[in-house]
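I wanted to go through this model with a notebook open and write down what I looked up. The entries follow in the order in which I made them.

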Amino acid sequence: KIIWLVKIFIVILYPVAAPAAFILDKMLGKESPLLFSKQEFSEIIKKHEESPDSAIDSDEERILLGALSFSDRIVYDVMTPKTVVYHLNKNTILNIQKLEEIKQIGYSRIPVFDTNTDNMLGILFVKDLLGISPSDDLIIESLIRKDRLVYVEWNFKLDKVLDMMVKSHNHLAVVIDEFGVFNGIVTLEDIVEEILKIE
């Protein structure tokens, strides 16, 4: 309500304030911009959530803190290791039993391998099975997608992996070690859960 009065004082005092500010900048150097570290910013968010006058609730606090911390996590922290990854062999026959198994598992993308789990050939998109009749001569290899696979190493930061997924329009990345051997998978859902801190 009194901003008009403040503006009047700014104009009146400018001839004195401007030279004084110029001299102080020369003597002391320009003031550094106010920047907070991630830790400081996290503490500010926590204080806001605790304050009854703040509009930030506990859910927003969890998401904001997750967004600040997820870039410090690596793929290894959230990946599904190959020992527990549900996968299919390239020669798997899509009979009624196998289609029922895929339905029960409930995954939308399934890694497909050659004769061993060190050689991943591609991804089976379960939506590609729509309209397919159970058959004793139709094999998985004819349906897998080999293009646009994203390969990441186990020590990649999650923010880098998220960026790679967004740019390639992929929801799943293949985790390899320094020798290119398959280690597991990491999904977009894994990263989102890390941001949202969903246990």
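**Helix contact**

I looked up α3 and α7 and noted that they are oblique to each other, since angles under 35 degrees count as roughly parallel, over 145 as roughly antiparallel, 65 to 115 as roughly perpendicular and the rest as oblique. The axes of helix α3 (residues 58-69) and helix α7 (residues 188-196) come within 6 Å and cross at roughly 120 degrees, where axes are lines fitted to C-alpha atoms, for helices over the stretch in contact, and angles run from 0 to 180 degrees between N-to-C directions. I take helices (H or I, at least four residues) and strands (E, at least two) as DSSP runs numbered from the N terminus. On the α3 side I find R62, I63, G66 and A67, and on the α7 side E194, I195 and L196, with contact meaning heavy atoms within 4.5 Å. By class this contact has four nonpolar, one polar and two charged residues; Ala, Val, Leu, Ile, Met, Phe, Trp, Tyr, Cys and Pro count as nonpolar, Asp, Glu, Lys and Arg as charged, and the others, Gly among them, as polar.

I note that this is a predicted model, in which local features need pLDDT of at least 70 and side-chain atom pairs count only at pLDDT 80 or more, while totals for chains, interfaces and linings use all residues. Residues are numbered from 1 along each chain as its sequence is written, and side-chain values use heavy atoms, with hydrogens and water left out.

**Pocket**

I then turned to the largest pocket, which holds about 330 Å³ of space; a pocket is an open set of points on a 1 Å grid over the protein atoms alone, with protein on both sides within 12 Å along at least five of seven lines, and lining residues have an atom within 4 Å of a point. A volume is the space filled by probe spheres set on the points, which are joined across faces, edges and corners. Of the 16 lining residues, Y107, R109, L172, I185 and T187 lie nearest the pocket's centre. I see α7 again here, as it gives the largest share of the lining, four residues.

**Cavity**

My search of the whole structure finds one cavity of 30 Å³ or more, a cavity being a set of points where a 1.4 Å probe fits but cannot get out.
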